Amino acid sequence: MFRKILIANRGEIAVRVIRACKELGVRSVAVYSEADRDALHVQLADEAICVGAPPSTESYLNIPHILMAAQITGAEAIHPGYGYLSERSSFAEACAALGVKFIGPTPDAIAKMGDKSLARAIAHRAGAPVLPGTEHALQSEDEAVAAARAVGFPLLIKAAAGGGGRGIRRVMSEDDLLPALRIAQSEAQAAFGSPEVYLEKYIPEPRHIEVQILADEHGKVLHLFERECSIQNLRHQKMIEEAPAPCLKPETRRALGEAAVKVAQAVGYHNAGTIEFLVDSEENFYFIEMNTRLQVEHPVTEAITGVDIVQWQIRIAAGEPLPYEQDALAVQGHAIEARLTAEIPEQDFTPSTGRLSEWTPPGGPGVRVDSHLYTGYSVPPYYDPLLAKIIVHAPTREQALMRLQRALQETRIAGVQTCREFLRRVVQTDEFRAGAVSTLFVSCLLKGATLPGGAR
Ligand code: ADP
């Protein structure tokens, strides 16, 4: 096992990784920007080192500074958390070149799956269903027109290097295709540093269901069942996730798990990863992408399996074999996570900042709160608006829903505006309670339109 790990991240996920380090008896090093001097991860880590100015590009994304921090502190491994450097193959390579273990998959697996059009091709070859679309980035406008005709409208233009719900553009008809393509390419260049885009058939009211993977460095690949993440904001960012997915036929659940394992095996994957699928009203499922890192929503899987995913990321990177067998893993109860963010849903999810005059998180049976907040903490304007993840676990979905209602009601936060009331509203709808929502649910709820029910 490592003696010391540097956590190249901030916020709740840095706190989560530090907790895992402490429980494994490993020393932790926090990095922080000048805006995060008073942050909880800095207070909880055994050591902390400043890596630059407040903007992420100058601190949390500053590879030379992060690597220098690892060398100065003598960290043997780096946990990247999610976001920031977690899916940069060049960072994983730079770590290896310095003899620092990157806690994650190989640079090769990150690079392959980071190109979403190449990932589609790999998944397809591995036997996972993919939506009709292009299996490589578009090379010309003529090719785009021909491919779009074959796929049919409506379709999506997606940035090959996209992520975080960005870089997706819907095209309703052929007349709109080329103008949309040009905009999508220039937006992709600006946002992701690559103009490459591909086409994918649009599914009208899909559910987003993803499978958690854990793979060790000795060839064992396991799946830890699925999560439903259909409650998404207008920018395709997840707001509420649950495990297992409600109302899914056992054979669909089994097939999803098997497909995910095959995709992970196809890229020689190790460590934690997530294979994302869209599921239509007939429960046909299609691979959309793989995230080669820890996900925000990992705690719901931890709750229903009893597996500490973050500890296992560290153990796997240290060379330990996974002691679990697929057939022995079982789902225990139901878990739901609600993301409390400093955003105002009714005002187009406008972010809010400020000093917390009160933070009293919920507690009691079956409630876990992953957060970096404390009363008196000032939410800085530079970073992700996630404040806290409220995770509930109960024997049944019905009980988990009641528990989530209770936990959201109990949460007291003042000094910054949040989405708490909107989360409560979602949880109280008949559609959500019935487990029958598609990814369009939140936008319909905000518009007051007829709620899509996933047509099941
Ligand atoms: P990102 O890499 O930005 O997370 P994804 O490809 O994973 O993007 O898609 C994010 C979300 O966008 C999905 O969860 C879904 O809501 C929507 N989406 C993506 N592809 C499709 C599609 N083919 N049809 C309908 N909705 C889609």
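**Close-up 1. The largest cavity of the predicted model has a volume of about 60 Å³.** Thirteen residues line this cavity; the closest to its centre are Glu-228, Ile-231, Glu-242, Phe-432 and Val-437. Two elements, β10 (221-232) and β11 (238-243), each give two or more residues to the lining. Strand β10 supplies the largest share, with four residues. By class, the lining divides into seven nonpolar, two polar and four charged residues. The structure holds two cavities of 30 Å³ or more; the other is shown next.

**Close-up 2. The second largest cavity has a volume of about 30 Å³.** Its lining includes Pro-80, Gly-81 and Ser-86. Phe-102, Ile-103, Gly-104 and Pro-105 also line this cavity. So do Thr-292, Arg-293, Leu-294 and Gln-313. The lining residues divide into five nonpolar, five polar and one charged. Domain 1 (4-103) and domain 3 (207-447) both contribute to the lining, so the cavity lies between them.

**Close-up 3. Helices α12 and α13 cross at roughly 160°.** Helix α12 covers residues 397-410, and helix α13 covers residues 420-428. Their axes come within 10 Å. At that crossing angle, α12 is roughly antiparallel to α13, because angles over 145 degrees count as such. The crossing is left-handed. In general, two packed helices are described by the angle between their axes and the distance between the axes.

**Close-up 4. A cis peptide bond runs from Phe-153 to Pro-154.** Omega of this bond is near -5°. Pro-154 is found in the loop that links α7 (141-151) and β6 (155-163). Most peptide bonds are trans.

**Close-up 5. The loop between β11 and α9 (250-266) holds Pro-244 and Cys-247.** The peptide bond from Ala-243 to Pro-244 is cis. Its omega is near -5°. What is the phi of Cys-247? Its value is near 55°, which is positive in a residue other than glycine. Most residues other than glycine have a negative phi.

Note on methods. Residues numbered from 1 in each chain as written. Predicted model: local features only at pLDDT ≥ 70, side-chain atom pairs only at ≥ 80, totals over all residues. Heavy atoms only, no water. 1 Å grid on protein atoms, 1.4 Å probe; cavity = no way out; pocket = protein on both sides within 12 Å on 5 of 7 lines; lining within 4 Å. Points joined across faces, edges and corners; volume = space filled by probe spheres on them. Nonpolar A, V, L, I, M, F, W, Y, C, P; charged D, E, K, R; others polar. Domains from an automatic or database assignment. Axes fitted to C-alpha atoms, helices over the stretch in contact; angles between N-to-C directions. Parallel < 35°, antiparallel > 145°, perpendicular 65-115°, else oblique. Left-handed = near helix turned anticlockwise from the far one by under 90°.
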